Structures are given as C-alpha cells and as structure tokens.
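Q: I would like to learn how to read a few features from a structure. Could we work through one together?

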Amino acid sequence: MNAQRGQILPLLAVCLAVLLGFAGISVDVGYLEFWQQRQQSATDAAALGGAQSLAESNCGSTTTAASAATSDGVANGFLAGQINPVTPPATGPYAGNACAVSVQISSPAVSTFFAPLFGYASMAVTTSATAVAKAGFSGTCIYLLSQTTRTGFNGATLNSPGCSIAMNDNGNFNNGTITAPFIGYAQGTPNYGGTKFTLASPMPMLPVADPCPEIPGCAYLAAHPPPATNCQTYNSNGVNATLNPGCYNNLNLDPPGTITLNPGVYVINGNFNNNGVTLTGTGVTLYVTQSGTGPNLDYGPPVSLSPPTTGNYANVLYYQVPGNSTSINFNGSNVNMNGLIYAPSTTSANFDDNFGSYVVLVFGAMNFNQNNAYDFASPPPGQSLIKQAVLAQ
C-alpha cells in the first residue's frame with residue numbers, strides 16, 4: 001500500500017497542465033475578442049467623424065474628412081499610421097460616393113499572454129477592422145423641442161408629404177388633415193379628435209436633439225454671435241425705404257409702403273413689428289438677441305424673405321438665441337419664406353400663413369391656427385439643411 005502512494009500526482013499534474021492550457025487559451029481568445037471589439041468601435045467612430053466632416057462641407061472636402069477620421073481614431077487609442085481613411089471609398093457599394101468615407105484600422109502585432117507557454121514564443125496576431133459611413137440628409141422639417149408644451153394642430157390642414165414632424169412632447173390634433181411621412185412624439189398621448197392622417201399616424205419616438213449643430217450656418221451663429229453694438233431705432237412712418245444690415249433696438253414698419261432689406265445680418269435687440277407693409281429681402285439673416293423680441297408680421301401686404309445661399313450664414317433666415325422664449329407671430333396673409341427659422345425656446349410660435357418653399361422650423365412648440373391650410377415643400381434631393389453622419393457598413 002505504501003508503494004502506491006503518490007502515483008496519482010503525475011496524473012494530476014498532467015490534468016492541471018491541460019486545464020491551465022485551456023484556461024490560458026480562453027484568456028488569449030477573450031483578449032483578442034476584446035481587442036477586436038475595441039478596434040471596431042474605434043473604426044466606427046473614425047468613419048462617423050469623417051462622414052460628419054463631409055456633411056459639414058456638403059461633401060466637398062475629402063482632405064478634411066480624412067483628417068477628421070484620423071483624429072477620431074487617434075482619440076480612441078490607435079496610432080495615426082494604423083488608420084487608413086479613404087474618401088470616396090474605392091470598393092464596395094459606396095465606391096465613388098463623394099459623401100462616403102471608408103476607414104480601416106490595422107493592428108499588426110497584438111501579443112497574447114499564454115501562447116508562449118505552449119511553444120509560441122513570438123506569437124502575435126494581426127487584426128483589422130473596417131467601417132463605412134456616409135453623410136445622410138434628414139427629412140425632418142418641423143422640430144418641436146419642448147418636453148412640457150403641446151403643439152396645436154387644431155382644425156389645420158397641413159400638407160407636408162416630404163417633411164417629417166418630431167415633437168418632444170405631443171400634439172393636439174382636432175378635426176384637421178395631416179399629410180406627413182412621419183409624425184413622432186416623445187411622451188404622453190396625442191389628442192386625435194377626428195383628425196385625418198393620410199400618410200402616417202403619430203407614433204412614439206425617442207426625444208430629438210436640437211439640430212442646430214448639424215446645420216453649418218446655425219452652428220456658426222451659435223459660436224460667433226454678431227455684435228449688438230451701434231444699435232439704432234427705425235420707424236418707417238409709411239414711406240418706402242431700403243434698410244441696411246446692422247443692429248436695431250427697435251424696428252417698426254408702419255403702412256403703407258414697401259421696405260426692402262439689403263443682404264446681410266440684421267441684429268434685433270428690441271422690438272420688431274411689421275404692421276402691414278410689403279417686406280422683401282434676399283440674402284437676409286435676422287438675428288434676435290436675448291434682449292430682442294420675436295417678429296410680429298401682422299395681416300397685410302406680402303412678406304418675401306430668403307436667406308443667403310453661401311457663406312457663414314448660409315440657409316439661416318431667422319435665429320433667435322436659445323433661452324429667448326418670446327413669441328413669434330407669422331400672421332401675414334401672403335408670406336413667402338425659406339431656409340431655417342430657429343427659435344428653440346419659444347413655445348408660442350403662431351402661424352397663419354402658407355409656406356410654399358422648403359423651410360426647417362425649430363421651436364419649443366407652435367400653433368397652427370384653426371381652419372387654415374399649410375403647404376411645406378419637400379427638401380430638394382440631397383439638399384436637406386440638416387446633414388447627419390450614419391454608419392453604412
């Protein structure tokens with residue numbers, strides 16, 4: 001019996017070695033899986049960074065997009081030499097697409113921990129990850145950001161077949177007709193009250209963010225507010241006049257007459273009342289400061305305003321600084337506007353006019369006045385004001 005003592009120890013040692021080997025392999029495989037996931041996440045982020053840069057340049061700057069992709073890859077722990085951004089992609093379904101960027105991140109020597117114990121002293125694994133992202137274009141034209149105030153569609157006929165509606169609260173729909181491809185609400189339950197939905201009915205969604213950062217002109221104004229200095233007061237007193245850009249403490253336009261706004265930025269640091277004059281302007285941006293009040297466009301002759309199409313303020317017709325919650329009244333009988341109308345804090349935007357052009361409205365909440373018809377033009381193909389980066393592959 002004594003001679004048999006210890007005979008199991010060699011067998012136990014062999015079993016332990018095998019078990020430790022399997023454990024070591026599991027650790028190595030798990031680490032490689034972790035590394036691959038980390039590498040793929042960094043590659044996705046780099047591709048999205050490049051696509052966002054493309055979106056901001058209207059798909060016009062491949063060099064900047066490549067630099068942005070590399071910067072995002074470096075920020076996620078990889079070396080610039082390991083990151084290979086290509087725009088437009090050379091292969092695949094997005095080959096030649098100027099609004100797409102392909103990124104590959106390679107790691108030529110990912111060392112394992114336990115493989116050397118099994119005779120693989122110099123074992124290193126090469127890993128790589130690839131992602132494709134592109135600059136997408138949002139089809140949402142009406143953003144209602146307040147989470148505490150409903151928007152009123154009571155009795156309104158809203159025709160917006162190419163523009164979606166996103167509400168961070170919900171809406172009162174009563175005895176109207178709404179034509180939109182998507183109508184989303186983030187909380188509560190809408191009041192329907194006999195409203196007809198011809199394309200899509202309201203449905204729950206996650207809250208939407210303020211789209212200003214995705215609109216180059218809006219983002220520029222947010223970062224570079226024009227100065228409210230040398231402000232003047234202007235009263236039209238019923239005469240025809242042409243105004244120049246600048247700062248206005250008060251802008252009061254009294255009928256009759258025609259007021260023409262020369263191209264440029266008009267800083268409104270006080271009241272802005274159009275009491276019934278014909279108001280026109282091309283290449284105009286209206287900027288309302290924290291001290292300014294939203295415009296009151298009363299019933300009367302036509303109002304025709306359009307924003308600049310190029311430059312730092314491109315596509316921004318109206319910008320009311322966040323935090324300024326004064327009401328906006330577009331109550332003209334013949335109003336023609338296009339571009340971005342941005343007042344994210346106002347919950348009292350009142351409309352009684354018909355936009356025949358492509359506009360993007362960003363408010364806290366708004367009211368479409370009863371028994372009126374509203375037409376919203378669809379964004380031109382590939383020319384939505386709001387550009388977003390999305391993963392494509």
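Q: Which exposed residues does the face of α2 turned away from its buried side carry?

A: Note that this is a predicted model. A residue is exposed when its relative accessible area is over 50% and buried when it is under 20%. On α2, the face turned away from the buried side carries Thr63 and Ala75 as exposed residues.

Q: What are the buried residues of α2?

A: Ala65, Ala69, Thr70 and Gly73 are the buried residues of α2. Around the axis they cover an arc of only 135°, so they lie on the same side of α2.

Q: What span should helix α2 have, and how far apart are its end C-alpha atoms?

A: The expected span is 1.5 Å times one less than the number of residues. Helix α2 has 14 residues, 62-75, and should therefore span 20 Å; the end C-alpha atoms are 20 Å apart, which agrees.

Q: Which residue with positive phi follows α2?

A: Glycine 77 follows α2, with a phi near 100°.

Q: Which residues of the largest nonpolar core touch the most other members?

A: That core has 71 residues, and Ile142, Ile165, Phe363 and Phe368 touch the most other members. A second, separate core has 14 residues, including Ala65 and Ala69.

Q: Is asparagine 350 buried or exposed?

A: The cut-off for buried is under 20%. Asparagine 350 has 17% relative accessibility, so it counts as buried. Asparagine 350 is placed in strand β26, residues 349-351. Its side chain makes a polar contact with the side chain of asparagine 329, at 2.8 Å.

Methods. Residues are numbered from 1 along each chain as its sequence is written. This is a predicted model: local features need pLDDT of at least 70, side-chain atom pairs count only at pLDDT 80 or more; totals for chains, interfaces and linings use all residues. Side-chain values use heavy atoms; hydrogens and water are left out. Helices (H or I, at least four residues) and strands (E, at least two) are DSSP runs, numbered from the N terminus. Buried means under 20% relative accessible area, exposed over 50%, partly exposed in between (1.4 Å probe, protein chains only). The arc is that of the directions from the helix axis to the C-beta atoms. A polar contact is a pair of N or O atoms within 3.5 Å; within protein, one must be able to donate a hydrogen and the other to accept it, and residues adjacent in sequence count only if both atoms are side-chain atoms. A nonpolar core is a set of buried Ala, Val, Leu, Ile, Met, Phe, Trp, Tyr and Cys residues joined through side-chain atoms within 4.5 Å.
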